[in-house]
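Subject: A structure for you to look at

Hello,

I am passing on a structure that I have been going through. Please have a look at it below, and then read on for what turned up.

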Amino acid sequence: MAKLKQFKAESQKVLDLMIHSIYTNQEIFLRELISNASDAMDKLYVQSLEDNKVSFNKEDLKIEVRVNKDLRTISIKDYGIGMTKEELEKNLGTIAHSDSGAFKRALEKEIADVDIIGQFGVGFYSGFMVAKEMHVLSKSEQEDAAYVFMSQGADGYSINKVDKNDRGTEVVLYLKENTEDVNFDEYLDEFKIKQLVKKYSDYIRYPIVMNNEEGEPETLNSMIPLWKRAKSEITQEEYDEFYKSRFNDYEAPLKTIHMQVEGALSFNALLFVPNHAPFNYYQSDFKKGLELYSRSVFIQDHNEALIADHFGFVKGVVDSSDLNLNISREVLQNDRQLKAIANRINRKVKSELELLLKNDRQKYEAFYKEFGMQLKFGVYNHFGQHQEELKDLLLFTSTHEDKLVTLAEYVSRMKENQKEIYYVPSESVLKARQLPVVETLLDAKYEVLIFMDDVDEFAIRVMNSYDEKEFKAANQGNLELDDSKKEVLEKLTQDNQSLIEHLSEALKDKVSDVRLTSRLKTHPVCLVSGEGLSFEMEKVLAMNPDESQRMKAERILEINPDHPLFQTLQKVKEDRIADYASLLYDQALLIEGLPIENPVAFSKRLADLMIEANR
Ligand code: ADP
């Protein structure tokens with residue numbers, strides 16, 4: 001080769017990156033080159049509109065992919081606008097991205113490691129991830145001669161005349177030698193090429209053609225994306241099939257949402273809510289995100305910015321021509337257009353879920369069974385930032401027919417004098433109904449929400465109230481259902497002051513207060529927590545590996561003065577009070593599902609008492 005021209009400094013850096021890349025997504029080179037070929041034909045079309053000397057046959061516009069196993073080459077040939085000698089120099093000798101801010105900064109900081117390749121479209125140079133040498137043969141309408149750009153990467157490049165009659169460009173990649181880790185020969189496999197075209201370039205608007213085993217040309221791409229077809233022409237079966245094959249689900253989706261937005265912002269989105277949560281959905285290795293396309297060219301697998309965390313279960317495809325990708329195909333997570341699209345998508349998902357809740361309760365409840373936990377986390381996370389959006393999508397099990405209810409439904413049934421929304425954390429409806437405090441509430445015809453997921457209470461704590469009605473744990477703080485009972489209780493407390501003081505003294509290390517209550521009906525005692533942390537939250541926090549996060553709820557022992565046991569207590573001798581107090585406390589712990597501190601002592605006291613009673 002004659003003396004080689006040198007690449008510009010920045011191009012050199014990108015090249016080095018490509019050449020030494022061990023990047024696992026090497027396969028994207030094909031997408032990049034096919035995309036360039038497609039752009040070149042778009043440009044030819046535009047040129048023909050501006051210059052009537054330029055014309056073409058529509059049938060000629062195609063992209064041919066050829067592999068040569070003997071020479072170990074892949075070629076991608078288009079019939080587009082082509083490049084003059086000067087353009088080859090300008091476009092391929094200098095990296096086109098040099099004016100793309102983020103990429104440039106990344107390079108300058110030398111933080112440009114292999115990972116960033118995935119985030120930035122790197123265009124033509126990506127070929128050097130798999131090729132040791134690239135030839136670009138090109139013929140432009142503007143010049144009589146055709147030229148070939150040849151480069152082995154870092155050393156530089158040459159541009160010479162070449163024989164080529166067709167207008168357009170052919171890129172030939174001479175594959176690198178196989179290494180222990182990478183088998184470049186896989187790109188010579190027609191089946192692999194087919195797969196890659198399907199995966200990345202299916203919707204390129206021009207046919208991508210490759211000869212099959214019989215030597216006949218076969219078109220590899222479908223060309224029309226489903227999301228761009230008119231909604232009225234698409235059947236649910238087509239949507240279902242698309243979803244299943246695209247997102248590897250054996251079941252049809254629970255809900256399909258097709259958005260075709262035109263106007264200041266224009267994009268197509270085809271979104272799906274799966275029927276079942278993926279097995280790893282609530283684990284940290286689950287990756288949310290939507291597939292991103294720009295003008296039908298695949299850009300990214302899991303774009304996380306497009307969908308809110310609380311709707312992370314949504315799968316789908318977004319295609320927009322508004323993204324600023326024209327020069328470099330880079331997508332930045334905080335791109336303004338991307339954010340605007342994400343907003344529209346999140347709003348739409350929300351309103352579709354609301355509609356489902358309104359029109360097909362059964363289906364919504366099926367959805368909620370799978371993903372309701374996510375919505376509740378959504379209320380709780382980000383300091384409650386999204387609670388307004390989500391509060392009307394929440395369902396909780398209620399004592400009203402033991403069914404799932406919305407908060408709006410609960411509020412609509414509240415009794416005239418009821419100021420608060422009552423709830424109780426419990427493992428099951430059955431257990432909740434047996435709780436002494438719940439029994440009292442139900443008796444007075446109040447509805448109680450039963451919180452069965454750990455996150456429930458955390459979520460409503462963030463909300464604090466719904467429709468100006470505060471949430472109130474049935475087993476926490478003061479529960480004043482009836483003002484008339486208040487006076488009676490105060491009087492009783494005064495009359496039994498010494499007994500209460502003795503009990504308090506005996507339990508001073510365990511509870512912050514002992515008091516009489518109107519909360520109970522058939523049970524003698526219960527344990528309630530103070531206004532702060534609840535017992536359920538205490539249990540959740542107890543699982544925290546960080547010990548400093550494990551906190552205890554304030555404990556208050558409440559005694560039912562209407563229970564016969566209370567009369568017995570009034571008669572107990574002073575030296576036995578401590579034993580009774582201890583038994584009452586342990587009993588209350590057991591009802592709450594909390595462990596008792598000393599089961600042996602508890603059992604002994606109980607046995608002694610039984611013997612004593614029958615002496
Ligand atoms: P990008 O495509 O993102 O602009 P590339 O590095 O892939 O960046 O390409 C640089 C430039 O080279 C393109 O902008 C285009 O002008 C030119 N080019 C690349 N491939 C072709 C082709 N097949 N036909 C015509 N021009 C091409």
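This is a predicted model: local features need pLDDT of at least 70, side-chain atom pairs count only at pLDDT 80 or more; totals for chains, interfaces and linings use all residues.

Histidine 382 has a relative accessible area of 40%, so it counts as partly exposed. You will find histidine 382 in the loop that connects helix 9 (361-380) with helix 10 (387-390). Its backbone is worth a look too: although histidine 382 is not a glycine, its phi is positive, at about 50°.

Glutamate 401 is not a glycine either, yet it has a positive phi of about 60°. Its place is the loop between strand 14 (396-398) and strand 15 (404-405). With a relative accessible area of 54%, glutamate 401 is exposed, because that value is over 50%.

Now to the inside of the protein. The largest nonpolar core has 71 residues, and those that touch the most other members are Phe311, Phe313, Ile345, Tyr364, Phe367 and Leu375. Helix 8 (residues 336-359) gives the most to this core, namely 7 residues. Another core, of 65 residues, lies apart from the largest one, and its members include Phe29, Phe128, Tyr147 and Tyr203.

Two or more lining residues come from each of helix 7 (236-247), strand 11 (290-294), strand 12 (297-303) and strand 13 (315-320). Among the contributors, helix 7 gives the most to the lining, with 4 residues. By residue type, the lining of this second largest pocket has 10 nonpolar, 7 polar and 9 charged residues. Which domains supply at least three residues each to that lining? Both domain 1 (9-210) and domain 2 (236-362) do.

Do write back with any questions.

Best wishes

Terms used
Residues are numbered from 1 along each chain as its sequence is written. Side-chain values use heavy atoms; hydrogens and water are left out. Ala, Val, Leu, Ile, Met, Phe, Trp, Tyr, Cys and Pro count as nonpolar, Asp, Glu, Lys and Arg as charged, and the others, Gly among them, as polar. Domain bounds come from an automatic or database domain assignment. A nonpolar core is a set of buried Ala, Val, Leu, Ile, Met, Phe, Trp, Tyr and Cys residues joined through side-chain atoms within 4.5 Å. Buried means under 20% relative accessible area, exposed over 50%, partly exposed in between (1.4 Å probe, protein chains only).
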